[in-house]
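Q: I would like a close look at a single part of this structure. Please treat its surroundings in one connected account.

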Amino acid sequence: CAFLPVLVSLLYHFMLDIVEIFVDLPVDAGMEATTHLSLTSLVSLSSDVNLFVLLCVSIFLCKEFTDGTIRNALLSNKSRWQLYSAYGVTSLIIGGSYLIVYFVSTLLALGIPFGFGDVTPNQAVSACLCSLLLGILSMLVVVSCVLLFLFLTGKQAPSIVLPILVTMFLPSIAASAVELASTLVMLVQMGGQWTDVNIDYSWVPLYNAFMYDSMNLDGALVAKISMYYVAFTGLFVWLGSLSARKRDLK
């Protein structure tokens, strides 16, 4: 996670060196865009950081099931909710560490050297804070999803594969639904039946995360993304804790 923003910087410099063979470019042309791209990527459920968090949490905690050490907690009179909460805290420590490392590395490797473009200092700070907030919320969705399938299956492979499918396919389904709706509206407008149609797709859950841009902040969009992420986290936590209570862990 610390190396990812550095890798982005190196790759962008490599691309610029190739382009400069054919075209004269100003020094560090467009590098501020990579800063915003790295911040914007935090919002996605399928971000690189969330993928690392998902893999680490699944592999680390699933050892409790595969090695049978989870029985020790039950024999020490710990409740199922205490067990689930302990796993949740451990997951948050892992996820929070990965996220903060990536965020700090982005500021050091991209933000400080190349800046944030033509935005005011207040806007740059707002972009960082909003991206960090939404990154934390997206990480909570991923972690709670992993814990759900961990207690449902108790096996490592499903605890990795199923959360990946959820975090990748649910946003893709939402995007496909929006594209279908946009196509239908366009066809109806071409038929002359509707002349003034303005659909606000920012209310579509998960798809609205694709609309986020740290360079052009929209407070209403940030609130909507946050609302849906909190709702999904609450749903996964409820289902996960229910699975922990019902599953035979002995």
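In which helix does Ser131 lie, and what surrounds that residue?

A: In this predicted model, Ser131 belongs to helix 6, which spans residues 121–153. Ser131 counts as buried because its relative accessibility is 0%, below the 20% limit for that class. A polar atom of the Ser131 side chain lies 2.8 Å from the backbone oxygen of Ala127. Beyond its neighbours within four places in sequence, Ser131 is in contact with Leu39, Thr40, Leu42, Tyr212 and Ser214.

The helix that holds Ser131 also contributes to the largest nonpolar core, a set of 54 residues in which Tyr87 and Tyr229 have the most contacts. Two or more residues of this core come from each of helix 3 (48–66), helix 4 (70–75), helix 5 (80–114), helix 6, helix 7 (156–190) and helix 8 (219–246). Helix 6 supplies the largest share, 16 residues. Tyr87, when residues up to four places away in sequence are not counted, touches Leu61, Glu64, Phe65, Ile70, Leu147, Leu150 and Phe151.

As for the cysteines, the structure contains zero disulfides. Cys128 takes part in none, and the nearest cysteine sulfur, in Cys130, is 9.6 Å away. Cys128 is buried, as its relative accessible area is 9%. Cys145 is likewise buried, at 0% relative accessibility. The closest cysteine sulfur to that of Cys145 belongs to Cys62 and is 14 Å away, which is too far for a bond.

Key. Residues numbered from 1 in each chain as written. Predicted model: local features only at pLDDT ≥ 70, side-chain atom pairs only at ≥ 80, totals over all residues. Heavy atoms only, no water. Helix = DSSP H or I, 4+ residues; strand = E, 2+ residues; numbered from the N terminus. Buried < 20%, exposed > 50% of the residue type's maximum accessible area, 1.4 Å probe, protein only. Polar contact = N/O pair within 3.5 Å; in protein donor to acceptor, adjacent residues only side chain to side chain. Contact = heavy atoms within 4.5 Å. Core = buried A, V, L, I, M, F, W, Y, C linked by side-chain atoms within 4.5 Å. Disulfide = S-S within 2.5 Å.
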